[in-house]
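Work through the exercises below with the sequence and the 3D view open. Try each task before reading its solution.

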Amino acid sequence: MTNTLNRELSNRHIQLIAIGGAIGTGLFLGAGQSISLTGPSILLTYIIVGFVLFMFMRAMGEMLLHNTEYKTFADIAHHQIGPFAGFVTGWTYWLTWITSGMAEITAVAKYVEFWIPDLPNWITSLSCILILMAFNLTSTKMFGELEFWFAIIKVVTIIALIIVGIVMIVFAIKTPFGHTSVANIFNNGSFFPHGASGFFMSFQMVVFSFTGIEILGITAGETRNPERTIPRAINSVPIRILLFYVGALAVMMSIIPWQDIDPNNSPFVSLFALIGVPFAAGLINFVELTAASSACNSGIFANSRILFGLSEKKQTHHLLMKTNRKGVPYIAILVTCALLSITVLLNYLIPNATQVFFYVTAISTILLVIVWMFIMHSYAKYVKSHPEDHKRSAFKLPGGINMARMVQLFFVFVLIILFLVPDTRMGIILSPIWFILLALIYLRYTRKARKLEVNNQKEK
């Protein structure tokens, strides 16, 4: 047994993990609700959020390349702001992935219902957790391979959807909703059919769609040649957003007018059912199933590495730092999967999987935005404390500190929106309880550490 992580993720793995991280359940399952709330302006929401998160990724990338020994961005917060910031960032991100993982597992249950409507959601949830746990315990390379193929399936499917959609639009194919045309995006009411309030309400689900985009900050410690692979992965973010989000949704609304899209079901399944191929809807449902499984798989990986890093800094139990012969923190993985199993109970108590999904995504989004704010504050501290390193950096954040402040203000704006929306307000109100709890735990941890240090000095 060792207590070190192995650099087993190649450039091929990292590039596809980066793509897969930006294509998740928020797009596949949440797009219907977002479109119904916002209408065509959902395209603008994705462009705005996508631009801000690209700037966020550039900031994180600059810091990761400044010190390639960072294993997670909790390490960045610990080093740039202080131990308490690292403690809060690590544990909050851990909780984010626990809640997000619950949403993804619930989505898996939703997709399995397509084929086996009588199968209880809790059985599907439990099976998903056990299978992904087995893969993660094998090796880091196995995680990378699994994510690679999950991402390939998602990418090929969305590109196929766009190509088929463009052909349908060019030939103005008649559907039950009328003739396909780009004009359908604009001809069914205004660009902002529900006004400013409808537009702003879409930000919660769109931000959740990008959950996992920051996963590169977790894989850095297990990546070969991070100086080359990380910039390439981050710089491809704008193309991925324009193609996979804006492109796919524009094609979708050109074929199915936005007001005819069912908010309770995936519009991807509905669109491919229109093609007339008997297995098309089942095929897309399978792709969405892999997307949800991929996101949950990333969550198990990310959480186990976060727990490893916290244990390394003696901010949680030392057993969580134990790794097997393949360099996999197996105890951290087992603990993560045990907590994810709460989803099994939730799906047993609340049979409506879609309802569970939207409850959990609200909490996850709030916590994730707060983690992103910590990372951007770390960047501001980095620029001030390492001005020469920042100046020499070959991978700078465009706009530097001013852009970082703009990104921080946007995250505050998102939190305000989440407070104003009734469905997410309770999450904002309850979130301080988590941070008060963390502060109390940290005080206990520091007192214990000081007491141990005093005892060691006395023994000397």
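**Exercise 1.** Is phenylalanine 203 buried or exposed?

*Solution.* The model is predicted. In this model, phenylalanine 203 has a relative accessible area of 2%. The cut-off for buried is under 20%. Phenylalanine 203 is therefore buried.

**Exercise 2.** Classify the aromatic pair of phenylalanine 56 and phenylalanine 411, and state which parts of the chain the pair ties together.

*Solution.* A pair of aromatic rings is described by the distance of the centres and the angle of the planes. A search of the whole structure gives 24 aromatic pairs. For phenylalanine 56 and phenylalanine 411, the ring centres are 6.2 Å apart and the planes stand at 75°. Ring centres must lie within 6.5 Å to pair, and planes over 60 degrees apart count as edge-to-face. The pair is therefore edge-to-face.

Phenylalanine 56 belongs to helix 4 (residues 42-66) and phenylalanine 411 to helix 20 (residues 400-420), so the pair ties together parts 355 residues apart in sequence. Both phenylalanine 56 and phenylalanine 411 are buried.

**Exercise 3.** Which ring does the charged end of arginine 58 sit over?

*Solution.* Arginine 58 has its charged end over the ring of phenylalanine 395, at 4.1 Å from the ring centre. Another such case is arginine 425, which lies over the face of phenylalanine 419, 5.8 Å from the ring centre.

**Exercise 4.** Describe the second largest pocket by volume, lining and residue types.

*Solution.* Start with the volume, which is about 500 Å³. Then take the lining: 15 residues line this pocket, and Lys314, Gln315, Thr316, Tyr445 and Lys448 are the closest to its centre. Helix 6 (83-112) and helix 21 (422-459) each supply at least two lining residues. Helix 21 gives the largest share, seven residues. Sorted by type, the lining holds six nonpolar, six polar and three charged residues.

**Exercise 5.** How many cavities of 30 Å³ or more does the structure have, and what lines the second largest cavity?

*Solution.* Rolling a probe the size of a water molecule over the atoms shows where empty space is left. The search finds three cavities of 30 Å³ or more. The second largest cavity holds about 40 Å³ of space. Among its lining residues are Thr72, His78, Ile306 and Lys313. Helix 5 (73-80) and helix 15 each give two or more residues to this lining. By type, the lining of the second largest cavity has three nonpolar, five polar and two charged residues.

Notes. Residues are numbered from 1 along each chain as its sequence is written. This is a predicted model: local features need pLDDT of at least 70, side-chain atom pairs count only at pLDDT 80 or more; totals for chains, interfaces and linings use all residues. Side-chain values use heavy atoms; hydrogens and water are left out. Rings of Phe, Tyr and Trp (its six-membered ring) pair if their centres lie within 6.5 Å; planes under 30 degrees apart count as stacked, over 60 as edge-to-face and the rest as tilted. Helices (H or I, at least four residues) and strands (E, at least two) are DSSP runs, numbered from the N terminus. Buried means under 20% relative accessible area, exposed over 50%, partly exposed in between (1.4 Å probe, protein chains only). A charge sits over a ring if NZ of Lys or CZ of Arg is within 6 Å of the ring centre and within 35 degrees of the ring normal. On a 1 Å grid over the protein atoms alone, a cavity is a set of points where a 1.4 Å probe fits but cannot get out, and a pocket is an open set with protein on both sides within 12 Å along at least five of seven lines; lining residues have an atom within 4 Å of a point. Grid points are joined across faces, edges and corners, and a volume is the space filled by probe spheres set on the points. Ala, Val, Leu, Ile, Met, Phe, Trp, Tyr, Cys and Pro count as nonpolar, Asp, Glu, Lys and Arg as charged, and the others, Gly among them, as polar.
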